[in-house]
Amino acid sequence: MALNEQLSNMYQPYFNELIAHLKSDGLIDKVQPPFLLGLNREKEGNVSIGDETWYTQADLKVMVFGKEVHEWGWPKLEDGTQLGSDDLVEAYEVFYSENYRDTFFLTDGNSKLSKSPFFRTGFNGLMDGINERLKKVYPGKRAAFLWNEISKLSTMEGRSRKVEDQMIHQCELDYFHVIPQEIELLKPDVVIFLTGFGEPYDRYIHENFHIQSTSSMGNISMDDVVKLELEEVPLAYRTHHPGATTVAGHGLKDAKKWNHYNAILDDIATNFNKIQGLQ
């Protein structure tokens, strides 16, 4: 069975139970759709006959987490009928097919979401840095990058702060706790959390990963960058969201962000020998 099919089959029962509870609790119109991943990239103009080998045959697999999705609407038929989990997987695949390239993420297309700091600065910066270092050490090897969100279910405003938002997150935790299964199926070699620090994202990460320890990155404050030892993934890191402009009341300029990114990128390169696909 193809990996993408395994992923879709995993989602379906969780999705069905989540939707049933969101409807019974009167929350269905207050949330964006749950954030589902998909691996098929468009082939012959159709993602349903697409190809997943861009990911499955990559030598280095990197998953980059944001906070929660913005502007990720429910796919619907022309009569307004709300569609199901496979349609959400396909929505992700279409977005990826239109915007993702092996060495960069398009930020000048029609998608407003792809122009966000997350993709323009964070995702593209990490892709470029990892590909550059990989080419120097292993010129014949290839990396693949997946976008994920640590909060799978968010309000229409894309935030998780109010009491109602906490109820929505509890629904995710109770009925759509799928990130551990995603990690088990997709087996990323590197996970990077562009979530910043503090609540609620501290809690969200702990809900989904077993953190063995945290350590500093050189002389950079652990309030800015940390290396995580996770039970589930060989290499993991956490730093500020690319859209952050202030931290603890202090300005966060692009030069400092790149100092943080480069610390992560250099550590990944130092530990390429821990990645099974690169051996």
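Author: Axes here are lines fitted to C-alpha atoms, for helices over the stretch in contact, and angles run from 0 to 180 degrees between N-to-C directions. The model is predicted, so local features need pLDDT of at least 70 and side-chain atom pairs count only at pLDDT 80 or more, while totals for chains, interfaces and linings use all residues. Residues are numbered from 1 along each chain as its sequence is written, and side-chain values use heavy atoms, with hydrogens and water left out.

Reader: At roughly what angle do the axes of helix H4 and helix H8 cross?

Author: Helices (H or I, at least four residues) and strands (E, at least two) are DSSP runs, numbered from the N terminus. Helix H4 covers residues 117-137 and helix H8 covers residues 254-270. Their axes come within 10 Å and cross at roughly 35°.

Reader: How many charged residues does the contact of H4 with H8 have?

Author: Contact means heavy atoms within 4.5 Å, and the residues making it include Arg 133 of H4 and Asp 266 of H8. Ala, Val, Leu, Ile, Met, Phe, Trp, Tyr, Cys and Pro count as nonpolar, Asp, Glu, Lys and Arg as charged, and the others, Gly among them, as polar. By these classes the contact of H4 with H8 has 7 nonpolar residues, 5 polar ones and, as charged residues, 2.

Reader: Is His 241 buried or exposed?

Author: His 241 sits in the loop between strand S8 (235-239) and strand S9 (246-247). Beyond its neighbours within four places in sequence, His 241 is in contact with Lys 67, Phe 118, Leu 194, Thr 195 and Gly 196. Buried means under 20% relative accessible area, exposed over 50% and partly exposed in between (1.4 Å probe, protein chains only). Because its relative accessibility is 18%, His 241 counts as buried.

Reader: What distance separates the C-alpha atoms of Leu 18 and His 177?

Author: Leu 18 belongs to helix H1 (residues 3-24), and it counts as buried because its relative accessibility is 0%. Apart from neighbours within four places in sequence, Leu 18 is in contact with Pro 34, Leu 153, Cys 171, Tyr 175 and Phe 176. Although Leu 18 and His 177 are 159 residues apart along the chain, the separation of their C-alpha atoms is 9.9 Å.

Reader: Which residue is joined to Glu 199 by a cis peptide bond?

Author: Most residues other than glycine have a negative phi, and most peptide bonds are trans. In the loop between strand S5 (190-194) and helix H7 (201-208), a cis bond with omega of about 5° joins Glu 199 to Pro 200.
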